[in-house]
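Have the structure open beside you as you read.

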Amino acid sequence: MNFRRDDAIKAVKSTTEWDITIIGGGATGLGIAVDAASRGYKTLLVEKHDFANGTSSKSTKLVHGGVRYLANGDVKLVYSALKERGLIFQNAPHVSFVQSFVIPSYSWFNKLKFLIGLKLYDWMAGSLRIGKSVLLSKDQVVEKLPHIKTKKLIGGVQYFDGQFDDARLAINLAQTASEYGATLINYSDVIEISKNESGQVNGLTFRDRESQESHTVKSKSVINATGIFVDDILKLDTPTHKNLVRPSQGAHIVVDKHFLGNVDALMIPETSDGRVLFGVPWHDKVLLGTTDTPIDAHQIEPRPLEEEINFILTTAQQYLENAPTRKDILSIFAGLRPLAAPTNGDGNSTKEISRDHKLIKSDSNLITITGGKWTTYRKMGEETVDLCVKTTGLAAKPCKTTHLAIHGSTTIKNEGHWQVYGSDLPHIQALMRDQPELAEKLHENYDFRLAEVVWSCQAEMVVKLADFMARRIRFLLLDAHASLAAAPKVAQVMAQQLGKDDQWIAKELNDYTTLVKNYTI
């Protein structure tokens, strides 16, 4: 694998024309890159920030069909997502896990209603089913959720769904695309879309945000997969374009694992305002969320609103004894979902905004994909490349991704956060064995090691301190203050690996200190 940024820039300079150029390095863009490269198309991907910098690293960490979508009658979306969930388990078992969920019930009607719905959910998964939904007695619910409130509790339902590490899967998808010959570059800002004399898209210009150098590339096709930023790219194509996307914010808080108390996750299907709330064990913490708040503006680093934090804490207090309070919060984060905006009706209701993805071909042959969810990234990639081939006349080649192993794929299980490195773990272990000083912990309370910093610089295209802290390891999301304490040590090692000076270290530490404020209350 040659996944180095300087080599990617050299490839851009030496390539006359690309078959497919993708704008956007989140779940959707990376899925397209894997699909296109594995089919044999000459593929380029450019990302304005880091890979999965936005929404794709700030999900609820669930690989799921979507129980709430089934309740809303979106059977087609759920059926497709359940199939894709099964394929993620097969293709990326090192970053995906089967998770048990418990729905506590306080009425017999709800208990039966949820069981019937979840039995249908199981049945729709077919041969890719990962567990069997069952009724639980009151005692069984308390055993699985030791801190659940027991007043009027009559039992519950247990079902099984998927969990994953979103940013780790993203970087593994980037590495996979690279292994199949794709060129991927982060921190590359598209500033112009070029067209031929007939008005058809034939390339683009991007600015390398590190060197400030601009590069113009020719491409037989261009795909806009920029999530909440799709309208910005569409306005480069058509200045009079009207927005397609209405962002919806999903906020989360992270607390110590003892607040949930076991390995099972909590699912509350009907909160006070009709939202779904999860309490999910994740990397030895508990993640509580999410909200569903329509937002007018889009930004790369949104901050949870006070009302969202209060809603999550209040809902947790309704269901958990000794529930977390503000002082117990280790980190907060929010992601903006790129939902297809409603054309009429109630613009403030995200329930009326499509969760499914939408493919659009502009008059200029610019292909845009928006909407969708992490679980269906592979299918979205397949459909986008299919449309791209049909639109631009590229030689048709069959999709290869249904059973394509993602970089790092292994069924070997490892303890703690080491699991997410998969087949790359021996390389990190070798670094610690050959250079014992790299076995030093980044922070006394966490098992992250200096060798991981070195590995990320060598093989995971980190450019900034936050790339490593937030997305290569998940330290920022797990414990923001502790990550800040570890930052100087990490910045020092990164500077050595990347050939940076003290001025770079000072700027990175200043930028990271500012970023951490967005993840703390």
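A word on the model: it is predicted, with local features needing pLDDT of at least 70 and side-chain atom pairs pLDDT 80 or more, while totals for chains, interfaces and linings use all residues. Residues are numbered from 1 along each chain as its sequence is written, and side-chain values use heavy atoms, leaving out hydrogens and water.

The crossing of α4 and α5 is also right-handed. V75, V78, Y79, L82 and R85 of α4 meet Y121, M124 and A125 of α5. Here the residues divide into 7 nonpolar, no polar and 1 charged. The table sets out both pairs.

| Helices | Angle | Axes apart |
|---|---|---|
| α11 (residues 425-434) and α12 (residues 450-459) | about 120° | 9 Å |
| α4 (residues 75-91) and α5 (residues 108-125) | about 60° | 9 Å |

Axes are lines fitted to C-alpha atoms, for helices over the stretch in contact, and angles run from 0 to 180 degrees between N-to-C directions. α11 and α12 are therefore oblique to each other (under 35 degrees is roughly parallel, over 145 roughly antiparallel, 65 to 115 roughly perpendicular, and the rest oblique).

Now to the sheet. An open sheet with mixed pairing has 6 strands in the order β7-β2-β1-β11-β19-β18 (strands pair if DSSP finds at least two bridges between them). At its edges are β7 (183-185) and β18 (357-361), each pairing on one side only. From one strand to the next, the twist averages 15°. β1 (residues 20-23) and β2 (residues 43-46) are parallel partners over 4 bridges, and T21 has L44 of β2 as its bridge partner.

Helix α10 (residues 377-392) lies across β1, β11, β18 and β19, at about 160° to β19.

Overall, the protein has 16 helices and 21 strands (DSSP runs numbered from the N terminus: H or I of at least four residues, E of at least two).

Conventions
Contact means heavy atoms within 4.5 Å. A crossing is left-handed if the near helix is turned anticlockwise from the far one by less than a right angle, and right-handed if clockwise. Ala, Val, Leu, Ile, Met, Phe, Trp, Tyr, Cys and Pro count as nonpolar, Asp, Glu, Lys and Arg as charged, and the others, Gly among them, as polar.
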